Amino acid sequence: MSDPIGLYLHIPFCRHRCAYCDFYTACPSPVRIQAYLSRLTQEIEEWGGRIDRPIDTLYFGGGTPSLLTVNQLNGLMTAVQQSFTLLSDAEITLELNPDTADKDTLAGYRQVGVNRLSVGLQSGDDRALKTLGRRHTAKQGAQVITDAKRVGFDNISVDVMLGVPNSDEQTLEKTLQMVKTLRPEHLSAYMLILEENTRFKARREEYRFLDDEALCQQYLRLCERLREWGYRHYEISNFCLDEKRSRHNLRYWQDREYLGLGPSAYSFLDGRRFHQPANVSAYLQGEETVYDEPGGTLFEWLMLALRLDEGLNAKTLGQRYGKRFSDAFISKAQALSEQQLAEFDGTTFALTEKGMLVSNSIITQLSEEDLYENL
């Protein structure tokens with residue numbers, strides 16, 4: 001059997017743009033959504049005829065995929081199953097906003113094959129949710145996770161935001177207590193970044209933003225509490241129970257191949273990176289794919305691997321690139337280890353949580369060609 005790939009299907013529609021969001025989104029309407037799903041189905045069928053590789057992870061991302069009805073989602077699932085070999089143990093994830101799904105809808109998603117949810121919780125504090133521009137309350141967030149468990153979901157991820165403007169220590173504490181009570185199998189924690197073309201950026205004088213030190217303290221506090229509760233910190237922003245890592249996202253971080261369909265979706269296949277333009281109208285008209293730089297390079301792998309607790313491994317370095325750590329690398333690695341920014345045992349180099357906070361700087365330090373020599 002050919003090596004499996006991951007399949008990402010982008011659902012770009014959102015009813016409302018959150019204050020921090022700079023992702024490409026489009027306004028929904030029944031006619032527009034139906035036209036989009038018809039085009040996406042066509043593209044699924046076209047790609048299924050081009051490549052003969054099974055799918056081991058399927059991810060519905062957005063946007064707000066939970067705006068789709070159960071029947072609409074089932075239509076996409078059917079197209080995937082008819083066009084590709086979807087493995088029986090495939091991880092099938094749906095991103096979901098708490099204000100878009102009730103218990104019956106969740107049961108329907110489960111019935112058509114979704115076995116993992118990614119819930120945009122963001123905070124356990126209602127004031128923080130309002131500041132972020134979220135449309136749900138903390139109570140609704142907790143309820144949708146409770147309902148999901150009741151209808152059979154046993155692999156639920158939640159997103160939380162660190163550094164919410166105008167927040168204080170109690171804001172994060174409410175979120176942590178909700179996580180402790182609900183005990184989702186996976187958690188993604190993101191530090192707020194002031195992105196261009198966002199409401200926070202345009203109206204930044206109206207908010208009190210945390211400084212870098214306070215934001216770092218929130219991150220380390222969250223890491224400590226989750227560790228106490230049995231979560232594995234396996235990636236800079238991601239934590240899991242019982243080894244329920246995001247198998248789909250691990251493809252990205254391990255620099256393995258995947259196919260992304262829909263406007264603004266990116267792909268990495270046969271050593272090539274390509275993407276679809278971020279424009280629904282152009283997508284409906286069949287706008288051509290944009291090809292980017294080749295993927296799978298040594299330094300791309302390095303940048304991604306350092307996000308994971310597994311870090312850089314000498315064996316993988318040798319197998320993939322025919323390289324080994326040079327004496328100069330070993331010297332830098334030992335110095336970073338002495339600063340408690342990393343751990344290095346001679347064959348594996350991995351960042352500590354303190355090191356993860358300055359990962360960009362460390363990646364820059366380790367991106368010099370003379371740090372890796374031919375075997």
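User: At what angle do helix α1 and helix α2 pack, and what does that make them to each other?
Analyst: In this predicted model, α1 covers residues 30-50 and α2 covers residues 70-83, with axes 8 Å apart. The angle between them is about 10 degrees. Angles under 35 degrees count as roughly parallel, so α1 and α2 are roughly parallel to each other.

User: Which residues of α2 does α1 meet, and how do the contact residues divide by class?
Analyst: From α1 come I33, Q34, L37, L40, T41, I44, E45 and G48. Their partners in α2 are Q72, L76, A79, V80 and S83. By class, the contact of α1 with α2 divides into 7 nonpolar, 5 polar and 1 charged.

User: Is the crossing of α1 and α2 left-handed or right-handed?
Analyst: Handedness is a separate item from the angle of about 10 degrees at which this pair packs. Where α1 passes α2, the crossing is right-handed.

User: What about α6 and α8: how are they set relative to each other?
Analyst: Helix α6 takes in residues 169-182 and helix α8 residues 212-228, and their axes are 11 Å apart. They pack at an angle of about 25 degrees. With the limit for this label at under 35 degrees, α6 is therefore roughly parallel to α8.

User: Which residues make the contact of α6 with α8, and how many of them are charged?
Analyst: This crossing is right-handed. On the α6 side you'll find E169, L172, E173, L176, Q177 and V179, and on the α8 side Q218, R221, L222, R225 and L226. Sorted by class, the contact has 5 nonpolar and 2 polar residues, and the charged ones number 4.

User: How many cavities of 30 Å³ or more does the structure hold, and how much space lies in the largest?
Analyst: With a cut-off of 30 Å³ or more, the structure holds 1 cavity. The space in the largest cavity comes to about 50 Å³.

User: Which element gives the most to the lining of the largest cavity?
Analyst: The lining is made of Q122, S123, M161, L162, G163, V164, S167, T171, L172, T175 and Q218. By class that is 4 nonpolar, 7 polar and no charged residues. Both β5 (156-162) and α6 supply at least two residues each. The element giving the most, with 3 residues, is α6.

User: What lines the second largest pocket, and how many of those residues are charged?
Analyst: About 190 Å³ of space lies in that pocket. Around it sit D3, P4, R53, R251, D255, R256, E257, F268 and R320. The lining has 2 nonpolar and no polar residues, and its charged residues number 7.

User: Which peptide bond is cis, and where is G63 found?
Analyst: Look at the bond from G62 to G63, which is cis with omega near 15 degrees. As for G63, you'll find it in the loop between β2 (55-62) and α2.

User: What is phi of S264, and which loop does S264 lie in?
Analyst: Phi of S264 is near 75 degrees, a positive value, and this residue is something other than glycine. S264 lies in the loop between β9 (258-261) and β10 (266-269).

Note on methods: Residues numbered from 1 in each chain as written. Predicted model: local features only at pLDDT ≥ 70, side-chain atom pairs only at ≥ 80, totals over all residues. Heavy atoms only, no water. Axes fitted to C-alpha atoms, helices over the stretch in contact; angles between N-to-C directions. Helix = DSSP H or I, 4+ residues; strand = E, 2+ residues; numbered from the N terminus. Parallel < 35°, antiparallel > 145°, perpendicular 65-115°, else oblique. Left-handed = near helix turned anticlockwise from the far one by under 90°. Contact = heavy atoms within 4.5 Å. Nonpolar A, V, L, I, M, F, W, Y, C, P; charged D, E, K, R; others polar. 1 Å grid on protein atoms, 1.4 Å probe; cavity = no way out; pocket = protein on both sides within 12 Å on 5 of 7 lines; lining within 4 Å. Points joined across faces, edges and corners; volume = space filled by probe spheres on them.
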